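The sequence and structure are shown first, and the account follows by topic.

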Amino acid sequence: MTTPDSSQSSDFIRTIISEDLRAKKNDGRLVTRFPPEPNGYLHIGHAKSIFLNFGVASEHQGGICNLRFDDTNPSKEDTKYVEAIKEDVKWLGVDWNDRIFYASDYFDTLYNYAILLIKKSKAYVDSLSAEEIRAYRGTLTEPGKNSPWRDRSIEENLTLFERMRAGEFDEGTHVLRTKIDMASLNMNMRDPTLYRIRKVPHHRTGNKWHIYPMYDFTHCLSDSIEGVTHSLCTLEFQDHRPLYDWVLDELGVENHPQQIEFARLNISYTVLSKRVLHELVDRGNVSGWDDPRMPTLHGLRRRGYTAKSIRSFCDRIGVAKRDAVVDMALLEHSAREDLNHHAPRVMAVLRPLRLVIENYPEDQDEELDAPNHPNDETMGIRKIPFSRILYIEQDDFCETPPKKFFRLAPGREVRLRYAYLITCIGVVKDEQSGKIIELRCTYDPTTRGGSAPDGRKVKATVHWVSSIHSLQAEVRLYDHLFTTPTPKITNDGKDFTSNLNPRSLETLQDARVEPSLKSAVPGTHYQFERHAYFCVDRVDSSDNALVFNRTVALRDTWSKAQQTKTKIAGK
RNA sequence: UGGGGGAUCGUCUAAUGGCAGGACGGCAGACUCUGACUCUGUCUAUCAAGGUUCGAAUCCUUGUCCCCCAGCCA
């Protein structure tokens, strides 16, 4: 079990649980569970549930939380998803110890419970087609009507159900349904289906079964079997709670957990629906479940989000019952907050502009000391090579600087970070295009390290790399996957993909990074100073082909001010 | 127009009859060898209308708006 987080704020679920515990309900036991279906990858919405379930259990003496795969639909599920889910949960820092379960482990028990219901005359085999069942169900405002097969004898039902199990019937010919009330105001209570025939192999039980139990039958019983006390799920299951309780009551089980619903997570500029994420993967809108633009845990991890930042994000958003869309900026803040402490600083020039220091000897170079973290000496220092020809960022030079532009300009002096003060004395342009291709500068040899003996100040410090010493790298700049805060809301009946952001990925092939990054280990986090936090891509990066993913940009009041100015000017 | 839920700063979220608070965000400033970080100040909220009460986000009444439900998905 993970360590309790003492700073954990309370929420309505924790309040209920604390009260139950104080009242010695369930003999003072606390058992929760995280029940993913292995039909896709986990996303950050699942992280919310994981931290809620495992978190609340860890906060109480003796509390436990199970990891349980809800694997009742073999046509959609796969072992590869089971493995990916386990990896993600582990990555989040959650330890389920040996408490890993599968609903499919309960298939025999579930089958016997189904027989019990039949014997109690509370379930029957229906031979209507799927379409007919739908038609008989009625509508939201009209009651349904009983199936003609509803009054089969217990013996006939038993025989038919056994034959379903034995694989004697084709898919769709029969189902086992409860006998509740076709006129119920709650659609879920109109004789919901318990079992359907599926003639596909299951990733864990192989060909043993030809019938599979439905969620409403499986979930409550699995909870009960595992001794779960508090079954936490999302809001859309509120209407299912009467059925959850009905099944357990009818079967007279010993342990009857309490289902409590909370609002699922939504984040602006992305989608958190496994179905939709599946579509993005299948249609090739992204490179896969682990595309760094995806809100999946695999994607976020590859993008450079840390488990800790995701946890603090989940702590911050809280747990409540109202529908909400959390600002993506809050997630980004959580990333910066963690990375700021831990990511070593390095210099990288994303869009290089050649800079020649005329008074620096051609055949000379030297090494300068640079701290790995400006506010944390314990992270040490590294050497950075300096020479006559450097690269700086194109954005750090402006031939006709606007007001408040502090960076390099003709005749202006700035500091090269941890190096020297330089002054721009000339600009070389391409004769054809007029594009600036090189800057001519002089340096002040007395300013080695970056400060002037005479105490003079400069308004800006720019980062740089030495041209011959620097390394080429590919840099992937990621932006929001969608252009609108609520991607599922579209105009003119268009598909949600019409809101996909065409600029969600910009790849820079000619970035130059300092040589200390030579053997950067995949998955390592860095701050490219004055740019952003980056993560060495765990899939594509190697010693001879460095690839960096931008996790999240540094806050940038300068460019923000520029954008505001442009916007105002555009009006 | 059935049933089940929900409405508090721009966004999340506290306050369970007693000062509407926190975080993100925005704005302004200080600091700065990252226009970062940090720090300071500041901005903005109880869905509406009635009622009960010394006192209401909270209790009552009547409305309004939003979400979910008609899978042999979970």
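## Composition of the RNA-facing surface

By class, the surface near RNA strand B comprises 24 nonpolar, 19 polar and 24 charged residues. The model is a predicted one. In total, 67 residues surround RNA strand B, and the closest are Arg345, Arg407, Gly449, Gln527 and Lys560. Of the atoms of RNA strand B that come within 4 Å of the protein, 64% belong to sugar and phosphate.

## Contacts with RNA strand B

An N or O atom in the side chain of Asn340 is 3.0 Å from a sugar or linking oxygen of RNA strand B, and for the side chain of Arg417 the corresponding distance is 3.2 Å. A base oxygen is also contacted: a polar backbone atom of Tyr418 is 3.1 Å from a base oxygen of RNA strand B.

Several elements give two or more residues to the surface near RNA strand B, namely α5 (130-136), β6 (193-197), α11 (307-317), α12 (328-342) and α13 (557-570). The largest share, four residues, comes from α12.

## Aromatic pairs

The structure holds 20 aromatic pairs. One of them, formed by Tyr41 and Tyr81, is edge-to-face, with 6.0 Å centre to centre and 85° between the planes. This pair links distant parts of the chain: Tyr41 lies in the loop between β1 (31-34) and α2 (44-58), whereas Tyr81 belongs to helix α3 (residues 79-91), 40 residues apart. Tyr41 and Tyr81 are both buried.

Another pair, Tyr111 and Trp209, is tilted, at 5.8 Å centre to centre and 55° between the planes. Here too distant parts of the chain are linked, since Tyr111 is in helix α4 (residues 107-119) and Trp209 is in the loop between β6 and β7 (211-213), 98 residues apart. Are Tyr111 and Trp209 buried or exposed? Tyr111 is buried because its relative accessible area is 9%, under the 20% limit. Trp209 likewise counts as buried because its relative accessibility is 4%.

## Ring cluster and charges over rings

Ring pairs link Phe107, Tyr111, Phe161, Tyr195, Trp209, Tyr212 and Phe217 into a cluster. One member of this cluster, Tyr111, also has a charged group over its ring: the charged end of Arg165 sits 5.7 Å from the ring centre. A further arrangement of this kind involves Arg204, whose charged end sits over the ring of Tyr102, 3.5 Å from the centre.

## An open mixed sheet

Seven strands form an open sheet with mixed pairing, in the order β10-β23-β24-β25-β21-β22-β11. The edge strands, each pairing on one side only, are β10 (345-346) and β11 (348-349).

Ala348 has Val513 in β22 as its bridge partner.

## A buried asparagine in a loop

Asn73 lies in the loop between β2 (64-69) and α3. Asn73 counts as buried because its relative accessibility is 13%. The side chain of Asn73 is joined to that of Ser75 by a polar contact of 2.6 Å.

Definitions and conventions
Residues numbered from 1 in each chain as written. Chains lettered and ligands numbered in written order. Predicted model: local features only at pLDDT ≥ 70, side-chain atom pairs only at ≥ 80, totals over all residues. Heavy atoms only, no water. Near = heavy atom within 4 Å. Polar contact = N/O pair within 3.5 Å; in protein donor to acceptor, adjacent residues only side chain to side chain. Nonpolar A, V, L, I, M, F, W, Y, C, P; charged D, E, K, R; others polar. Phe/Tyr/Trp six-rings, centres within 6.5 Å; stacked < 30°, edge-to-face > 60°. Buried < 20%, exposed > 50% of the residue type's maximum accessible area, 1.4 Å probe, protein only. Lys NZ or Arg CZ within 6 Å of the ring centre and 35° of its normal. Pairing = 2+ DSSP bridges.
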